[in-house]
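The following note sets out several points on the model for discussion. Please read them alongside the sequence and the coordinates.

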Amino acid sequence: MKRKDRIYEEIQKLSRQITKESLLGDLSIGYSAELISANLNIARNTVSQELNLLNVEGKLIKIKSRPVLFVDKRQVETLLNLSIDKEYWEIRSIEVLRQRYLNNYAPLTQEERLDDPFKKLIGYDQSLKDAINKAKSALLYPPNGLHVLLSGDSGVGKTYFAELMHKYYELYQSKGGIIPFVYFNCSEYYNNPELLTGQLFGYTKGAFTGAVADREGLVQQADGGFLFLDEIHRLPAEGQEKLFSLLDKGTFRKLGSSNQEQAVNVRLIGATTCDITATFLKTFLRRIPVVIKIPSLEERSFQERLEMILKFLQQESIKTKLNIHLTEDFAYYMMTYHFDGNIGALKSEIQYKCAQAFLNVMTQGFSEIVLDDTFVTETVRFREPKVKETLEFVFKNNNFILITAQNSNFAVKKADLKEIEKDEINFYALLMKEYHALRDKKVSHAESKLLLENKISTLFQYTYNKLDASNIRKVEQFIEEPMVGKISKLIRKIEEIAERTLDESTKNNVYLHMYTFLAYMKKGTNPPIYNTPHIMELYQEEYEKAKEIGRYMSEVLNIPCPKSELIFMTLFLNALCNNRSAATENMTYGIVVIAHGDTTATSMANFANTLFKTNIVQAIDMPLDRSVSDTLEELIELVKQKKYKELVILVDMGSLTIFGEIIEKQLRMETVVVKNITTGILLEVTGKFLRDFTTFQDIKRYIAALSDKHEIFVVPPRDLLKKKSKILITSCVTGIGTANKIKILIEQTFKDLLPADLRIESKEYHLINTQEKLLDQVGEDEEIIGVIGTFTINLLDIPFISLEELFSENGINLLIDIIGIRDQLNNLENRTENITKNFVSSITLQSIVDYLTILNPQKILQEMEDVLNEICKKMKQEFSKQTRLRFLIHCCCMVERIIVAKSSLKYQRIKSDSVDNDVLSVIKVSFATIENHYGIKLSYSEIACIYELLFKKTP
């Protein structure tokens, strides 16, 4: 058999598994070349060639998804009872074919065949309809389309809209192949026309100082496709003029080139948040004939806004694999709150709230992500009638709705998995990993929760403020070519004014500082001003010299020098003039800098150590993908290695401040924590350490004095260390009666041995069957040390003892450890052994059922023995002593409960399709005598509960 025939036969075999129902309902119809390759052991590229030939021959339908899928055309024709025309042999999605089948096989339009990517946009046929039509017209305008300017507020989705324009054209064009889409942010070079020209058009070797080789520009990279200029309003007039030739004639010339111009075919898409009439040259605007306004979030309809909220929540449901419990209060809050960042800010807020709510899943036993009024930051008053009306239609008088991965109950498009995969951070996997790592390191429940809450805040602040390593790398572009020379001039000026020669290490640190400084300035923000009056008064001479350097900096770098930079330069000059080699071997205290970023802490520590000729400052870097627990472990190991007795921890963000408390508790040493650390703060603190301090108390007083004015001193949250009263909870699924009996039994057994700060409480099972409900039973100053009950409760860090364990030989030892009296008992000769013996001997059926208030204990006990014997006989099965004990206790109490309360147990854990119905019948029949004698009726839930008690180890 020929290779192609083998491949076709394999596709036919696989396709025969498709049914009409799956064809009409399953989006994943089709088989990839990779699958066929694995099945037949034929090279994938060979399989791909043959599959495409079979498609051309009309034997296979080709579905141009990712990966490309193929299906036997004859099988599809048989299932749909029709003949598939050639225009359907290659389609973008099986959904296209299904729609044609449902619509009596009407001819496909070109746009339908291409599965229009703009349909991914919520509001594509409503608020965005005009914008999309204008975009399509511009893209398809002959011969080469028109240039487009997208306008709209920050966060409305201009970049995503531009990407969809590119995808639409890529699908529409018939030549095949990849269409380039090149992104460029104009703000990066807006104040440097020379660098702007080099980036856009490229340059030749020797075009300027530092141009050591020819370089291709972005325009050339975009040839045949799209050049997307984000923040195009940041282009100065000179920058706009440099684009004229490209927009007019489709030609350009590299910087430094004397050759004739090169021709390119580039479509320009610009994006701006500014008023275009006040920002751009009229001559420039005339060359961009199509302006498309993307509406803000507040300009979208309430229905569209709700669709966005549900879509973003659905994405979080997919990522967490959990349902999301959405209340009307929270939905109203998200619908009416004004988000300055529009859709981007709305999505960010939803992710943030879901991440916070996910902590409840980890730490409180929630089975769903619950978004209720606890996550609403303002009072919900339902003042918007249209919003209320929209929500009432969705909620239908329910307190909440469930958002699932499918979301089939709502008119929302299923979330795009590719969009989810490219999200910056999967917060949930990260949080779960962090939580387990912290628990493994014996960090307490409360401390773990606090660390994770701060971690979430840090991640969102760091991510959405764009203070990550990738943006620092962008800043390095400033140091290309001309900028290197400018910073070198600045360093020579510092040496001249300070009358000091900087060594290579210090020079490198100045460069690193300038990277950070320029990053702030590029973002349009100033570095924080630190302790200005204090520094100006203390170092007047250095401050005057710093102002001279600042004036020179403004002149050379063509940027203003803010006060914060003057303060830094003052401290830097003071360190240069007063540094001395410091011996730190005999110091009992240490300084550790911990900062987010790949090398942030290391750079700051090296800077301080180099200036002061010391090694007192240690550094721990914390990239965003590094866990809190790993960072904490490194800090603990560092402290042990250095044998510190006291420690100053300098951190850049509040999420790390709790490290001080954990170090104090685990290593029994004093700490002080400084947050919002900057290089300037580090220089001043390090200098004071080396010159003025003799004891750790001096250090604490100094930092405390600074904190009074500048809020940099962090006091560890001592409330976590406060002693809490202890609670031991007993419970039973049959009701409060058995729980009370267990409580009394423990109290009578231990008597005066029970700690004074311990109390035992009996609780109804339904009040504590999740960790969330359990924690609601105690106050903030109380701590649950354990739960004893009949049915296991899913608790993360609270010990649980089942009755089966409690009634075993080892049960008393477990209880002693939970109560925390092991040491006390060990000090009393034979006390532990006697307690154990008395406890085990006292736990008999008789001692439990004696607490029955209505029934005759001896009689009901014998009747239950008869029932169990009958079940054993019919099932031909024997049960363990502990199982028999649990059955008898449960059933005796069950009968009394039904008689007293006149209601059966509402037990829903068991699923009808997961049980043996014959066994249920045996149990039901065996209890017939009990039902008749006591005039009760056992519900299905009661029978199911007994079934699990007998045949399931974990109910």
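In which sense, left-handed or right-handed, does H16 pass H17? The points below concern a predicted model, and the first of them takes up this question.

1. The crossing of H16 past H17 is right-handed. The contact is made on one side by Phe 302, Arg 305, Leu 306 and Ile 309 of H16, and on the other by Ala 331, Met 334, Met 335 and Thr 336 of H17. Classified by residue type, the contact of H16 with H17 comprises six nonpolar residues, one polar and one charged.

2. As to geometry, helix H16 spans residues 302–320 and helix H17 residues 328–336; they pack at an angle of about 120°, and their axes are 10 Å apart. Angles over 145 degrees count as roughly antiparallel and those of 65 to 115 as roughly perpendicular; H16 and H17 are therefore oblique to each other.

3. The model also contains an open sheet of five strands, paired in parallel, in the order S6-S9-S12-S5-S13. Strand S6 (181–185) and strand S13 (290–293) form the edges, each pairing on one side only. From one strand to the next, the twist averages 20°.

4. Within this sheet, strand S9 (residues 226–230) runs parallel to strand S12 (residues 267–272), and four bridges join them. Phe 226 has Arg 267 in S12 as its bridge partner.

5. Helix H8, residues 129–140, lies across strand S5 (148–151) as well as S9, S12 and S13. Relative to S13, helix H8 runs at about 155°.

Conventions:
Residues are numbered from 1 along each chain as its sequence is written. This is a predicted model: local features need pLDDT of at least 70, side-chain atom pairs count only at pLDDT 80 or more; totals for chains, interfaces and linings use all residues. Side-chain values use heavy atoms; hydrogens and water are left out. Two strands pair if DSSP finds at least two bridges between them. Helices (H or I, at least four residues) and strands (E, at least two) are DSSP runs, numbered from the N terminus. Axes are lines fitted to C-alpha atoms, for helices over the stretch in contact, and angles run from 0 to 180 degrees between N-to-C directions. Contact means heavy atoms within 4.5 Å. Angles under 35 degrees count as roughly parallel, over 145 as roughly antiparallel, 65 to 115 as roughly perpendicular and the rest as oblique. A crossing is left-handed if the near helix is turned anticlockwise from the far one by less than a right angle, and right-handed if clockwise. Ala, Val, Leu, Ile, Met, Phe, Trp, Tyr, Cys and Pro count as nonpolar, Asp, Glu, Lys and Arg as charged, and the others, Gly among them, as polar.
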